[in-house]
Amino acid sequence: MNKALVVVDSDTLIYSAAAVTEKRFIDVLHKPTGIVKSFTNRTEFKQLMKSKDKEITEDYNITDRQEPEDIANCLALIKHSANAILERYQFEDVIFVAGDEDNFRLDLQLPTRYKDFRKDTLRPLHLKEAHSYFRHKFKARKAKFHECDDEVLLLATEASKSRQAILLSEDKDSRQAIGVHIGGYSAGYDDLVFVQDMHEMKLVDSKFKSYGVPWIAYQCTVGDSSDGYKPTKLAGAKYGDSGAYKDFKDCKNPAEVLEKLKQKYKQWYREKFYYTAWDGSEHEADWKSMLQLYYSCARMKRSQDDDLNVEKFFNEYGVQLC
């Protein structure tokens, strides 16, 4: 029997190790007095001010501060986590993937640039060195022209044609990996979920849960706040997990899910319109072009030459975009 291929989306593993090995604070300067006080976070400061019935005005200047532990602690944690995966799947072939460059989604003509909000996000100080160490130590692949999420999915999808494919990831995009066994970093063989085209849909603690085509439909309607895209943004419609569950829960097969997805876009974008993209360019759009745009955000590539054509995807399940 062929060995299974285990593909590991390692970005979260590296980021978590870098984040947990540093402490973060905020320093608050009261300008009139020159007094500086430190707090664990902004919430702690706000709660203190509220308890004293004081407002946070321009008199207060907030500065973020990071205090990392020795880099050795971060690297040791990364090594421990990666070796645990190698030990658990010692009888399989394991490929680690970490990082990306020249991500094509950054050029998508969205109203707000893909992941743009992250540029101002405080990142762990050891992150860059941690990535460099990981790629050298564990011979990790780096995604080019797309994201790490794409790379792991296309590797696993290709492998699934000839052997068992296992994708280990903490990223929710892995739930769309049809034909692949998926699980988190700590998952053993018995913890894996085999992703099929169609899965039951649930609403758990107000969060939509599913896999396969229903999960893709969810991402194409609700969007992904961590990636900074919202399919209903230009339509001005409010739509979330509960709405998606209500709309899709009674669908019995992928074709019904995709038909419902198509109808939602027709509902949101009834007529042609114009909008301004993040780079200032003007675009004419309709429901079909909007569906293609957000499908390109949500759907991870299944092969190197996958052009993420939404019409092809719908046709796979016998649904026409008309």
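**Questions on a predicted model**

The chain has 10 helices and 13 strands, and the model is a predicted one.

Biologist: What share of the residues in the chain is buried?

Modeller: Along its principal axes, the C-alpha trace spans about 70 × 55 × 35 Å. The chain exposes about 17,000 Å², of which carbon and sulfur atoms supply 48%. Of the 322 residues in the chain, the buried share is 43%.

Biologist: Is strand 1 largely enclosed or exposed, and why?

Modeller: Strand 1 covers residues 5-9, and five of the five are buried. L5, V7 and D9 point one way, while V6 and V8 point the other way, and all are buried. In a regular strand, side chains alternate between the two faces of the sheet. Because five of its five residues are buried, strand 1 is largely enclosed by the rest of the structure.

Biologist: Which residue of strand 7 stands opposite V8?

Modeller: Strand 1 runs parallel to strand 5 (residues 93-101), and five bridges join the two. In that pairing L5 stands opposite D93. Strand 1 also pairs in the parallel sense with strand 7 (residues 165-168), over four bridges. There, the residue opposite V8 is L168.

Biologist: How many disulfides does the count come to?

Modeller: A disulfide requires two cysteine sulfur atoms within 2.5 Å. C251 is buried at 13% relative accessibility, but its sulfur is 14 Å from the closest cysteine sulfur, in C220, which is too far for a bond. C297 is buried at 1%, and its sulfur is 8.7 Å from the closest cysteine sulfur, again in C220, also too far for a bond. The count of disulfides comes to zero.

Biologist: How is the ring pair of Y89 and Y189 classed?

Modeller: The count of aromatic pairs comes to 19. In one of them, the rings of Y89 and Y189 have their centres 5.0 Å apart. Planes over 60 degrees apart count as edge-to-face. The planes of Y89 and Y189 are at 65°, so this pair is edge-to-face.

Biologist: How many residues apart in sequence are the parts that the pair of Y89 and Y189 ties together?

Modeller: Y89 is buried at 1% relative accessibility, whereas Y189 is partly exposed at 38%. Y89 lies in the loop between helix 3 (71-88) and strand 5, and Y189 in the loop between strand 8 (181-183) and strand 9 (193-194). The pair therefore ties together parts whose separation in sequence is 100 residues.

Biologist: Over the ring of which residue does the charged end of R175 sit?

Modeller: Rings in this model also meet charged groups: the charged end of K301 sits over the ring of F104, 5.1 Å from its centre. The charged end of R175 is 4.5 Å from the centre of the ring that it sits over, which belongs to W215.

Biologist: Which residues do ring pairs link into a cluster?

Modeller: Ring pairs number 19 by the count. Those that form a cluster link Y239, Y265, W268, Y269, F273 and Y275.

Definitions and conventions. Residues numbered from 1 in each chain as written. Predicted model: local features only at pLDDT ≥ 70, side-chain atom pairs only at ≥ 80, totals over all residues. Heavy atoms only, no water. Buried < 20%, exposed > 50% of the residue type's maximum accessible area, 1.4 Å probe, protein only. Pairing = 2+ DSSP bridges. Phe/Tyr/Trp six-rings, centres within 6.5 Å; stacked < 30°, edge-to-face > 60°. Lys NZ or Arg CZ within 6 Å of the ring centre and 35° of its normal. Areas by Shrake-Rupley, 256 points an atom, 1.4 Å probe, with all protein chains shown as cover.
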